[in-house]
Amino acid sequence: MTTPVVEAINLAEKFPGKVTADARPGYSGWIISKENLVEVATFIRDEMGYDALTNLCAIDYLEQKMMEVTYQVFKTTGGPVLTFKAQAERVDPIEIPSVVSVWPGAELQEREAYDLYGIRFVGHPDLRRILMWEGFDGYPMRRDWKEAFYEEDAKPLKSRWPEGKHKLAETRATFGDNVAFKPGFDPDKWIPSDPEELLYATLKNYKSEVKDGIKTDHVVVNMGPQHPSTHGVFRAVAVLDGEIVVSIKPVMGYLHRNHEKIGERNTWLQNIPYTDRLDYFNSMYNAWSYALAVEKMMGITVPERAEYIRVIMGELSRIQNHLILFGMLWNDLGSYFTPALYAFEERELILDIFEAVSGSRMMCNYYRFGGVVRDIDEASMKKIKELVFDRLPGKIEEIDRLLSENEIFVSRMKGVGYLSPEDSIAYSVTGPNLRAAGVPYDIRRADPYGIYDRFEFDIPVRHNSDLLDRYHLRMDEIHQSLRILQQALKQITEGPVLAGKPQYTHRVPVGEAYGRVEAPKGELGYYVVSNGKGNPYRYHIRTPSFVNITSMEKMCVGTKIADFVAILGMVDIVLGELDR
Amino acid sequence: MSNNELNSPGYEIPEELEGKVAITTLDKIYNFGRRSSVWPMMFGLACCAIEMIAAQAARYDMARFGMEVMRPSPRQADMMLVAGTVTKKMIPAIVRLYNQMAEPKYVVAMGACASGGGPFKEGYNVVAGIDKFLPVDVYIPGCPPTPQALVAGMIKLQEKIDKQSISQVRWYKKGADTVETPIPFLGPDLIDPRHIPEIKAKAAELAALAAAASETVA
């Protein structure tokens, strides 16, 4: 792929009075008046070629009495993201036009902004709460909304540091627990409304009809949140005609643990261990994206050796992520645990390396702004080399031989879960699933970060866009990751691994930044806003699992319910990141 | 279990029956059966669930201790391993699953979140520990606990089972202990039915305070 040329269309000149350049210091992009949002967005998509929306998030500027929605869009032919914003006065009801008609991939992200900020997206087809439940009191991500265990706006909390006279949160909270109710609330007089009613109303209506003289009914099936093959606490509600899916909706929020709210209270550095707990398979990769965003604002250059270490750790986690996916997929398809045991065997060896370099198997907390926290010692380096050069290539071959040609497997996977390349782009699908649809989009090449431009590797592409191709594509990716690792291990030089001195507090200049990486599951982005204080003003995580699930309904309708399990497995969701 | 442990001392076995008859207490043989086949419920909440799977896999192999049969149905499970952050949205389902489990049943809180909220305790959608709702038998520290820690926790549970007596355990007694845990529900916030009187009193108090404040302003 050639180096993409940055489009230099001046939107402010093109749409005078409707678009202005964002001139706030540290900010970039365009501010579009909300009345013209859809018109300008359509222009950006059709004329400028930004065919996919990647990130959409709201920011509450409490002091400016303004609610802002930020959009990041990219071209699937490569290049950096384009940022534009729409603003609305912070008076309820806050209304901003929906861009679902332009980019259908905005659907779930707009619902999230509605749920957490109370912004009504006019024209959204299905605007319901998504992470919290219907009936929850308030919009929790607003700056003036305080949780029951609220202590202070920003950490470090005075009760803990420096004196450390901490009282248990339960003794401080009004209701003695992590709950809050309005004054005068009476649970006995409270009339419960059915929280599921709105959900069922959005499904295609249940109907019964007479077919061939037999009375037939549609069936509503709930899968999850406790189900062995939903990969955690994901829930799907499907309307079935016999075995065929007529309509299906994802229901999430069962693992919504408020990363963003906690992240805004944390100091910049304190967020790094939290990023580990998003996609808990790839804690190494998660922190990378966050570090990139903050480094962009602080203008730090990462030392050479640290860049190599980042690539090594990142690609190792990509390999183990894909291995787990294979193992778990086969579990879901009924081959109980045997392939998973093969996958876990190799994963344990990779986790040994993580443990040796970072101290923890899963929650590595290893990346820092400007490098990594400590160097790889000789013994671990030797282990990595053994693994990458000697063991893994053969073992991947073995797993490939064991699984890929299996007749039952192929017949379960072939032609199932088709999603056209156009739909994939429209629904903001990123990562392996996009490349399996024939779109060679990989951020490592399209918008390079770190030192990925130094390595020789291919972006594998498959064209059938079914489950089998998605599976093969991931197998190809493992081989490419091994190629990158082998080059990185040969090229790595000695040197420092952290720019400057290790610090606990960081002064991040005022402004915004969007850092994006090609995580194993797709694009992982962090949108952070700093107001110059010790903690982020806004800390938004654009996770691949959450956005990729937008296309689930499109893939599942018309297939059998048993295939839904395989389709979901191939979307490769992880709940920590789906619900955040 | 060795012969010595199984045979309670003081009963002499006639010579012709030695090696054919063992004398023990009902508690011992009953606990031996239970502790050797603790079937966990297949039910992962968050990060800890991955370490739970790793503990089941080849390297750590929890099956060595008789607890490998993961059951997705609560009816077939003996032990609920709460592996991960408990959220307000999820807790009604968890309590319902617990109520559906047949007795004897045990709860193990795996990791910091399930034990007390962990790093996410301050979150608005997080329940600060499963013990706010269910009786926990063993807490396993860690974030997430390593598979070794999980196995150690399981062995602790086995030790606990060993010490129980049929005449003492709560599920064979008559009375309040066997009543189902009331299922919390989602209102404006999570409502625990056991705390309704307190919530009501506190909310009324707040309303009175607010009224007094507005009067003084006026």
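Which strands of chain A does helix H3 (residues 107-117) lie across? Helix H3 of chain A lies across S3 and S4 of chain A, running at about 10 degrees to S3(A), where helices (H or I, at least four residues) and strands (E, at least two) are DSSP runs numbered from the N terminus, and angles run from 0 to 180 degrees between the N-to-C directions of axes fitted to C-alpha atoms, for helices over the stretch in contact. This is a predicted model, in which local features need pLDDT of at least 70 and side-chain atom pairs count only at pLDDT 80 or more, while totals for chains, interfaces and linings use all residues. Residues are numbered from 1 along each chain as its sequence is written, chains are lettered from A and ligands numbered from 1 in the order in which they are written, and side-chain values use heavy atoms, with hydrogens and water left out.

The sheet in chain A is open and mixed, with 5 strands in the order S1-S2-S5-S4-S3, two strands being paired if DSSP finds at least two bridges between them. Its edges are S1 (19-21) and S3 (52-61) of chain A. S3(A) runs antiparallel to S4 (residues 66-74) of chain A, joined to it by 9 bridges, and Asp60(A) stands opposite Met67(A) in S4(A).

Turning to the interface, 64 residues from chain A and 54 residues from chain B take part in the contact, which means heavy atoms within 4.5 Å. Across it there are 8 salt bridges, each a side-chain nitrogen of Lys or Arg within 4 Å of a carboxyl oxygen of Asp or Glu; Lys200(B) and Asp188(A) meet in a salt bridge at 2.8 Å, N to O.
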